[in-house]
Amino acid sequence: MKTLDEIIKSRRDTRHFTSDPVPDAVIEKALQAGHWAPSVGLTEATKYYLIHSAEIKKAVKNLFLEYDQKAAKSTDDELQKAQYQALKLEAIEEAPLGLVICYDRSVLNHFTIGTVGSNEAIKFSAVCAAQNIWLSLTEQGYSMGWVSILNYYQFKKILGLPEHIEPLGYFCVGKPATDYDKQPMLQQLHWKQKSEAPCVTEIKALSLIDEKVKENNPILQKDSKFSAIALQHKIDQKTKPTGSLGILEKLALQIGTVFQTLTPEIKQPHLVVFVADHGIAQYGVSAYPQDVTRQMITNFLEGGAAINVFCKQNKIALSIVDSGVNYDFPSNTKLISAKADKGTHSFLSGSAMSKMQMEFCFAKGAEIVTNIAKQGSNCVGFGEMGIGNTATASVLMSVLCNFSIEDCVGRGTGVTDEKLEFKIDILRKAIENYKGSKDLDSYLTHFGGFEILQMAGGMLEAFQQNMIFLVDGFICSVAFLIAFKKNPEILKNAIFSHQSAEKAHKKLLDYLGVNAVLQLDLRLGEGTGCALVFPIVQSAVAFLNEMASFESAGVSEK
Ligand SMILES: Cc1cc2nc3c(=O)[nH]c(=O)nc-3n(C[C@H](O)[C@H](O)[C@H](O)COP(=O)(O)O)c2cc1C
């Protein structure tokens, strides 16, 4: 019998198999080895599915082919593309047995030891099991090949896996037809050389970070001649009747005042869409199912949503944040991960989140905006998406402003009369059921939404970073309300882009004592109002900087 060391060294990710079947005893022994692997909090959340069916294998192979093409398009150059296409990266149809190793994330619905730091510990446990299985198969003269080049969402769908069961990948199992010269296949084919030794570094001292240090802030444009009176005078001296540029004059005054300069400049505008799921959505308070949240992330990342189009049109950088979507996204996308959890809990009879998650959201929102400021931006727009989030926003508005829930609820994505009544009823019940204290943080923990709190954290930070920030529609204004309750000063830096068609938005704007620039009957969210108002913000800055004054143009004043 081989030693453990020999088994570890000879284990190969295998993509060439003989047609020999895998005896039941072999796979049973290997799966038992998987079962003996460590699991966080002894959760035993790892689940196994076996596949012999040629039809299923063919369907999985088709998924591989689709993503294989996608991967080929992502290669760095034509030579690498040709090398990539020559590689054999799966053996789905040839391998006699298919194995799908999964983890059941529903264990996170209950307290689970070891998951407070990262709920990914459940996934890590399944990976430990996969490695044990790999080693056991090697010891028995068999092998395995991990296939991850798949659309995992489609993969789950075709296997009929329930929402809470997440696959690690498709594993091809069989007798190896080669040992690739006792080295990884990718190395044998000169794709990549595996290093000889592991990368190990000793950390000898604590790294202390003072988050409050804002060194070399590139966005301060301070002008020694600046005063609010001088700025207003400059606006009034432009060749136009006083006040005739209406809201543009107010914007110019606001922007110049924030940047403390008579010649403000908007630099590198950036829009951030925060996305999360809401436990309350399970009661059908939206016209759409929860899964749409996840699907929209894909749409945002692929450039197909309204906000992509308007940002592109107006040259605004766009970032998408997973604030807490009920799905595991691959880590190789441009998505910013700020996941507080996989959706909030329903606040109908319990707390939407823990106090720690609430604090995490404020910190993450701030961190994201800090990073945008560090890149040289002085103007950030906030947008959101999340099925069920008008319900969350309505409840928050009701409890924070002390308005009746009827006054705070609208049709959201467009629910019917009957559903609207139901939405009001369920939210009223949620408020009646609340027995906690009436301070802001307790309300936010109980009724909050991850994306709403991250926007609020982002707005507070945008103010600290001396940025102009654009507020989108109803939900975004509720985030502003939260931030405003924490620091009313932020009002100075906020531009309310549009007044939403969602009924409660007007009431909220009145409560805050502000007017929105646009009224376009929008009710989409995503930050679309911010992107649409941006050219107007630019016009305000442009007239201030470029328009002639009575004096410079030699035009008589009245
Ligand atoms: C999480 C994970 C996913 C992988 N996905 C694929 C895959 O889709 N296709 C493939 O050919 N190899 C895949 N591999 C195999 C690695 O590329 C392979 O492990 C590496 O070349 C080292 O080879 P060895 O396992 O034989 O030492 C995957 C490996 C891991 C750990």
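This is a chat about one predicted model of a single chain.

Biologist: What are we looking at, in terms of helices and strands?

Modeller: It is a predicted model. The chain has 21 helices and 10 strands.

Biologist: How many residues, and what share of them is buried?

Modeller: The chain has 558 residues, and 41% of them count as buried. Its C-alpha trace spans about 100 × 55 × 50 Å along the principal axes.

Biologist: What about contacts between residues at least 6 apart in sequence?

Modeller: Of those contacts, 78% join residues at least 24 apart.

Biologist: Which stretch does UniProt annotate as "domain: Nitroreductase"?

Modeller: Residues 8-175, according to an unreviewed UniProt entry. Over that stretch the chain is 42% helix and 17% strand.

Biologist: Take β2. Is it buried or exposed?

Modeller: Strand β2 covers residues 97-104, and six of its eight residues are buried, so it is largely enclosed by the rest of the structure.

Biologist: Which strands pair with β2, and over how many bridges?

Modeller: Strand β1, residues 46-51, runs antiparallel to β2 and is joined to it by six bridges. One of the bridge pairs is I51 with G98 in β2. Strand β4, residues 165-174, also pairs with β2 in the antiparallel sense, over eight bridges. There, Y103 has E166 in β4 as its bridge partner.

Biologist: Switching topic. What surrounds the ligand?

Modeller: The residues around the ligand are R12, D13, R15, L89, E90, W146, V147, S148, I149, G169, P184 and L186.

Biologist: And by class?

Modeller: Six are nonpolar, two are polar and four are charged.

Biologist: Now the other sheet, the one with β5 and β6. What is the strand order?

Modeller: The order is β7-β6-β5-β8-β9-β10, in an open sheet of six strands with parallel pairing.

Biologist: Which strands are at the edges?

Modeller: β7 (336-337) and β10 (494-496). Each has a single partner strand, so one side of each is left without a neighbour in the sheet.

Biologist: How do β5 and β6 pair?

Modeller: In the parallel sense, over seven bridges, with β5 at residues 270-276 and β6 at residues 317-324. V272 stands opposite S319 in β6, and V275 stands opposite D322 in β6.

Biologist: And β6 with β7?

Modeller: Those two also pair in the parallel sense, over two bridges. V321 stands opposite I336 in β7.

Biologist: Is β6 covered or open?

Modeller: Mostly covered, with six of the eight residues of β6 buried.

Biologist: How many residues are in the largest nonpolar core?

Modeller: That core has 104 residues, and F382, M459 and A479 have the most contacts inside it.

Biologist: What does M459 touch?

Modeller: Leaving out residues up to four places away in sequence, M459 touches F382, F469, A479, F480, A483 and I490. There is also a second, separate core of 38 residues, which includes F64, I92, Y103 and A126.

Biologist: Last one. Where does UniProt put the "transmembrane region"?

Modeller: At residues 467-484, again from an unreviewed entry. In this model the chain over residues 467-484 is 61% helix and 22% strand, with the end C-alpha atoms 16 Å apart.

Key:
Residues are numbered from 1 along each chain as its sequence is written. This is a predicted model: local features need pLDDT of at least 70, side-chain atom pairs count only at pLDDT 80 or more; totals for chains, interfaces and linings use all residues. UniProt positions are given in the numbering used here, feature names are shortened, and annotations may be inferred rather than shown by experiment. Helices (H or I, at least four residues) and strands (E, at least two) are DSSP runs, numbered from the N terminus. A residue is near a molecule or strand if its C-beta atom, placed from the backbone, lies within 6 Å of it. Ala, Val, Leu, Ile, Met, Phe, Trp, Tyr, Cys and Pro count as nonpolar, Asp, Glu, Lys and Arg as charged, and the others, Gly among them, as polar. A nonpolar core is a set of buried Ala, Val, Leu, Ile, Met, Phe, Trp, Tyr and Cys residues joined through C-beta atoms within 7 Å. A residue is buried if 20 or more other C-beta atoms lie within 10 Å of its own, exposed if 12 or fewer, and partly exposed in between; C-beta atoms are placed from the backbone. Two residues are in contact if their C-beta atoms, placed from the backbone, lie within 7 Å. Two strands pair if DSSP finds at least two bridges between them.
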